[in-house]
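Work through the exercises below with the sequence and the model in view, and try each task before you read its solution.

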Amino acid sequence: MATATVMVEQISSTASRGNVRGHELTMDRPEPKGGSNAGMMGGEALLNGLGGCFMSNLLAAAKARNIELSNARADIEGDMADAPPRFTAIRMTVSAQCNPPEELNKLVTIAERGCIVANTLRAAVELSIKVV
C-alpha cells in the first residue's frame, strides 16, 4: 500500500506551512477569526485539494485520449454544519471547452473515479460533481 506524507509546521502565532515534495501551502485564519489571513483555512484547503485532485485527473484523462481540453474550471461549494464543524455536502461544477464537445462528460466521469480526494470524501459527505 502506498503512503502519502505531508509535513506541516508552525510559521507564526496563527499560521502554518505544509510541505510536500518541496511544494508549500500556507494556511491561516482570516483576520475576523483571529488570524493574519496569510493563507487558506483548513476547510478551504480541503475543497481546494478536491478541485486540484479532480483537475489533475481531468487533464490527464484528456491527454491520454488526445482530446483537446481548454479553459477547464471547477467551482466548489461546501455546506457547513456547526457542531461539530464539518462539511455536510460538497458540490462541484465543471466547465471546459472540449473538442470534441461530447467527450467532456466522459472525461469528468473518468476524473471523478480517479480522484483520491473525491473517493475519500464520498464516504463522509454528500458529494456531487456535474458539468455545466
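**Exercise 1: the lining of the largest pocket**

Task: in this predicted model, find how the residues that line the largest pocket divide into nonpolar, polar and charged.

Solution: sorting the lining of the largest pocket by residue type gives 8 nonpolar, 7 polar and 2 charged residues. The pocket holds about 550 Å³ of space, and its lining takes two or more residues from each of β2 (16-20), β3 and α1. Among these elements, α1 gives the most, with 5 residues. Of the 17 lining residues, Val 6, Asn 19, Val 20, Leu 25 and Gly 49 lie nearest the centre of the pocket.

**Exercise 2: the second largest pocket**

Task: find which element supplies the largest share of the lining of the second largest pocket.

Solution: begin with the volume, which is about 370 Å³, and then turn to the 15 lining residues, of which Lys 33, Met 41, Gly 43, Met 80 and Pro 85 are the closest to the centre. At least two residues come from each of α1, β4 and β5, and the largest share, 5 residues, is that of α1. By type, this lining has 7 nonpolar, 2 polar and 6 charged residues.

**Exercise 3: the length of helix α1**

Task: check whether the span of helix α1 (residues 42-64) agrees with 1.5 Å a residue.

Solution: because each residue counts for 1.5 Å, the 23 residues of α1 should span 33 Å, and the end C-alpha atoms are 32 Å apart, which agrees. After the helix comes Asn 66, whose phi is positive, near 55°.

Conventions
Residues are numbered from 1 along each chain as its sequence is written. This is a predicted model: local features need pLDDT of at least 70, side-chain atom pairs count only at pLDDT 80 or more; totals for chains, interfaces and linings use all residues. Side-chain values use heavy atoms; hydrogens and water are left out. Helices (H or I, at least four residues) and strands (E, at least two) are DSSP runs, numbered from the N terminus. The expected span of a helix is 1.5 Å times one less than its number of residues. On a 1 Å grid over the protein atoms alone, a cavity is a set of points where a 1.4 Å probe fits but cannot get out, and a pocket is an open set with protein on both sides within 12 Å along at least five of seven lines; lining residues have an atom within 4 Å of a point. Grid points are joined across faces, edges and corners, and a volume is the space filled by probe spheres set on the points. Ala, Val, Leu, Ile, Met, Phe, Trp, Tyr, Cys and Pro count as nonpolar, Asp, Glu, Lys and Arg as charged, and the others, Gly among them, as polar.
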